[in-house]
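Subject: Structure handover

Hi,

Here is the structure I promised to pass on to you. Please have a look at it first, and my notes follow below.

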Amino acid sequence: MSVLTGTASTQIAAQIRDQIQSGELAAGDRVPSTREIMRRWGVAMATASKVLAMLKEEGLVRTRPGAGTVVVGAGRARATGRARATNATLTRERIVRAATAIADKEGLGALSMRRVAVELDAATMSLYRHVRDKDELLVLMIDAAFAEWRVPKSHGGWQEALAEAAREMWRTFGRHPWLAPAYSLTRPLIVPSGLAYTEHVLATLLDRGLKPATAFSINLILFNFVRGFATSLEMEATAEADTGVTADEWMDVQQPALEALLADRDLPAFRAVLDSFEPNGFDLDLDGLFEAGLHYLLDGFQRAN
């Protein structure tokens, strides 16, 4: 049994990919079946299936009736060779920029190594000389996105410094709607560029005289406030792209159902608030809600010591 590190499916796919790239597995050769992957690497069926799905997504293998999963045919190999010959200038930076552009426009669901290769007019396999796999590509994209954050100029006190830092991060998330959902607070990816924001916030809080543990907690609370609001950006962009209906239009469509719901329930406070928005209804402005929430949050931080 092979010893695997990291994500098992990613590691197994990398080993098979290396065999294809080295020529050990030639065009038309069968790659290990799901059962063979389970037996050879000692993994579950779901992991083995994911390995083959990853290789298919990359355009390296295909299912051929009666033969199983095989390396792409000679015609595809020749096309790959032509693409590779015209991509001597392919770099990690170009790959990351292309991937980011796809995710910015269409979301992470549209991102694949194969799609990036198409955008760059390159062979899918040529990308792996610069990026290990899609997981590493995502880390590089996150690092590049956070690198856009710049220490903001602030002429006020510590609250204004934190506010400007948060607003700059909000704008960064706004340029890349996929970034907030892709970044976890509890299992954060270690990206060098993200430390600039953290350093600025911590320095601001420590200069105010807060204890290190308190400063770090406030740093996490503030960042997750911004990230939490920003997770709505991609969901709304995806929903609007899928339905063609804006958030305001969706609320208008839901109004009759909401009225029917309220008619059957004793909710006087909710009714009073809704009536106060007449005749135009509530304007769900994320930027406005962000600014209001940021104000309340910073006001609460005033009590920290």
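Let me start with a helix pair: helix 9 passes helix 15 in a right-handed crossing. A crossing is called right-handed if the near helix is turned clockwise from the far one by less than a right angle, and left-handed if anticlockwise. Helices here are DSSP runs (H or I, at least four residues), numbered from the N terminus.

Before I go on, please note that this is a predicted model, where local features need pLDDT of at least 70, side-chain atom pairs count only at pLDDT 80 or more, and totals for chains, interfaces and linings use all residues. Residues are numbered from 1 along each chain as its sequence is written, and side-chain values use heavy atoms, with hydrogens and water left out.

Back to that pair. The axes of helix 9 and helix 15 cross at roughly 150 degrees and come within 11 Å. Axes are lines fitted to C-alpha atoms, for helices over the stretch in contact, with angles from 0 to 180 degrees between N-to-C directions. On the helix 9 side, the residues that meet helix 15 include Leu-162, Ala-166 and Trp-170, and their partners in helix 15 include Phe-290, Leu-294 and Leu-298 (contact means heavy atoms within 4.5 Å). By class, this contact of helix 9 with helix 15 has ten nonpolar, one polar and four charged residues. The nonpolar class is Ala, Val, Leu, Ile, Met, Phe, Trp, Tyr, Cys and Pro, the charged class is Asp, Glu, Lys and Arg, and the others, Gly among them, are polar.

Now the aromatics. The structure holds twelve aromatic pairs (Phe, Tyr and Trp rings, the six-membered one for Trp, with centres within 6.5 Å; planes under 30 degrees apart are stacked, over 60 edge-to-face and the rest tilted). Trp-170 and Phe-290 are stacked, because their ring centres are 4.5 Å apart and their planes are at 10 degrees. This pair links helix 9 (residues 158–175) with helix 15 (residues 286–301), across 120 residues of the chain. Both Trp-170 and Phe-290 are buried, with Phe-290 at 1% relative accessibility (buried means under 20% relative accessible area, exposed over 50% and partly exposed in between, with a 1.4 Å probe and protein chains only).

Phe-290 has another partner: the rings of Phe-229 and Phe-290 have centres 6.2 Å apart and planes at 85 degrees, so they are edge-to-face. Phe-229 sits in helix 12 (residues 212–243), so this pair ties together parts 61 residues apart in sequence. Helix 12 also holds Leu-233, which touches Trp-170, Phe-173, Gly-174, Pro-177 and Leu-286, leaving out residues up to four places away in sequence. Separately, Phe-146, Trp-149, Phe-173, Tyr-183, Tyr-197 and Phe-223 form one aromatic cluster.

Helix 1 passes helix 3 in a right-handed crossing.

One backbone detail to finish: Asp-121 has a positive phi, near 55 degrees, in the loop between helix 6 (113–120) and helix 7 (124–127). At 56% relative accessibility, Asp-121 counts as exposed.

Best wishes

Methods. Helices (H or I, at least four residues) and strands (E, at least two) are DSSP runs, numbered from the N terminus.
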